[in-house]
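This report describes helix packing, a chain interface and salt bridges in a structural model. The sequence and the structure are shown first.

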Amino acid sequence: MKNHLESLRSQKGWTQQELADRVEVSRQTIISLENGRYNPSILLAFRLARLFEKNIEEIFEYEEKDKLE
Amino acid sequence: MMNQKTEINRRIQKGWGLLALSLVVLVFAFFVKATPLAVYLTGRQVAALALVLAGVAVGQLIKYTLGSRDPQVIKKMLVNEKDERMNLIRAQAGYRAFQIGLGAAVLSLLYFSLQGAALAAAGLLNDTLWYVLVGQVLVTFAVFIIELVRSSNRI
């Protein structure tokens with residue numbers, strides 16, 4: 001699943017640790033999310049969407065290949 | 001913040017509870033000889049269990065009492081414990097360790113069912129059983145740790 005977390009975070013001028021603190025996860029989770037190695041739970045996706053004042057689909061993009069994962 | 005403080009206080013209380021339980025077990029160690037359980041347990045074994053419980057309790061108390069002095073430490077501790085990625089990694093590693101541990105237990109059971117009588121006749125049953133049990137514990141633990149590291153690098 002593609003996502004725009006890194007660019008959204010950069011726009012806000014936050015570090016990975018600051019974003020992690022705001023959504024109450026570890027910095028490693030933010031790194032994995034930004035690298036596309038980890039897909040968030042629906043709750044974390046909502047928290048991120050609320051934080052960036054976006055819809056979930058504006059942050060995370062579902063791709064057809066995700067069906068196979 | 002208040003929730004975090006409450007959570008830490010709850011864990012400190014649990015630590016005290018565990019310490020109290022260890023004292024009860026320790027007291028029981030002195031009287032175990034006079035109970036029907038003496039067939040299965042010695043006072044030393046019960047005392048050893050009490051010491052393990054006390055060690056865990058003291059560890060918990062030190063961790064959370066020292067942590068509770070610094071709100072940042074509390075927050076970091078709780079975030080790391082509840083971090084969903086880390087929980088996924090732990091769950092995957094635990095599941096793999098469970099599979100391997102269960103497989104090893106089934107194989108051991110089969111082995112001792114078929115070979116137990118011969119081992120007992122040769123006076124080797126107890127030693128073999130002990131080494132097999134130790135092996136199972138070590139293998140299961142090793143699988144858990146290896147899977148933790150592997151999953152942490154992958155996810």
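## Basis of the report

The model is a predicted one.

## Packing of α2 and α3 in chain B

Two packed helices are described by the angle between their axes and the distance between the axes. In chain B, helix α2 spans residues 43–67 and helix α3 spans residues 71–82; their axes are 8 Å apart and form an angle of about 125 degrees. Because angles over 145 degrees count as roughly antiparallel and those from 65 to 115 as roughly perpendicular, α2(B) and α3(B) are classed as oblique to each other.

On the α2(B) side, the contact is made by B:K63, B:Y64 and B:G67, while α3(B) contributes B:V73, B:I74, B:M77 and B:E81. By class, the residues of this contact comprise four nonpolar, one polar and two charged.

## Packing of α3 and α4 in chain B

Helices α3(B) and α4(B) pack with their axes 5 Å apart, at an angle of about 50 degrees. This pair is therefore oblique as well.

Here B:N80, B:E81 and B:K82 of α3(B) meet B:E84, B:M86, B:N87 and B:R90 of α4(B). The contact has four charged residues, two polar and one nonpolar. B:E81 takes part in the contact of α3(B) with α2(B) and also in that of α3(B) with α4(B).

## Interface of chain B and chain A

The size of an interface is often given as the accessible area lost when the parts come together. Between them, chain B and chain A bury about 910 Å², of which 48% is on carbon and sulfur atoms. The elements of chain B that give two or more residues to the side touching chain A are α3, α4 (84–121) and α5 (125–154). That side divides into five charged, three polar and three nonpolar residues.

In terms of contacts, 11 residues of chain B meet 12 residues of chain A. Six residue pairs across the interface are in polar contact, with both residues at pLDDT 80 or more. Zero salt bridges are found across this interface.

## Salt bridges

Over all chains, the structure holds six salt bridges. One of them joins A:K2 and A:E61, with the closest N and O atoms 3.8 Å apart. A:K2 belongs to strand β1 (residues 2–3) of chain A and A:E61 to strand β2 (residues 60–61) of chain A, so the pair ties together parts that are 59 residues apart in sequence.

Conventions
Residues numbered from 1 in each chain as written. Chains lettered and ligands numbered in written order. Predicted model: local features only at pLDDT ≥ 70, side-chain atom pairs only at ≥ 80, totals over all residues. Heavy atoms only, no water. Axes fitted to C-alpha atoms, helices over the stretch in contact; angles between N-to-C directions. Helix = DSSP H or I, 4+ residues; strand = E, 2+ residues; numbered from the N terminus. Parallel < 35°, antiparallel > 145°, perpendicular 65-115°, else oblique. Contact = heavy atoms within 4.5 Å. Nonpolar A, V, L, I, M, F, W, Y, C, P; charged D, E, K, R; others polar. Buried area = accessible area lost by both parts, 1.4 Å probe. Salt bridge = Lys/Arg side-chain N within 4 Å of Asp/Glu carboxyl O. Polar contact = N/O pair within 3.5 Å; in protein donor to acceptor, adjacent residues only side chain to side chain.
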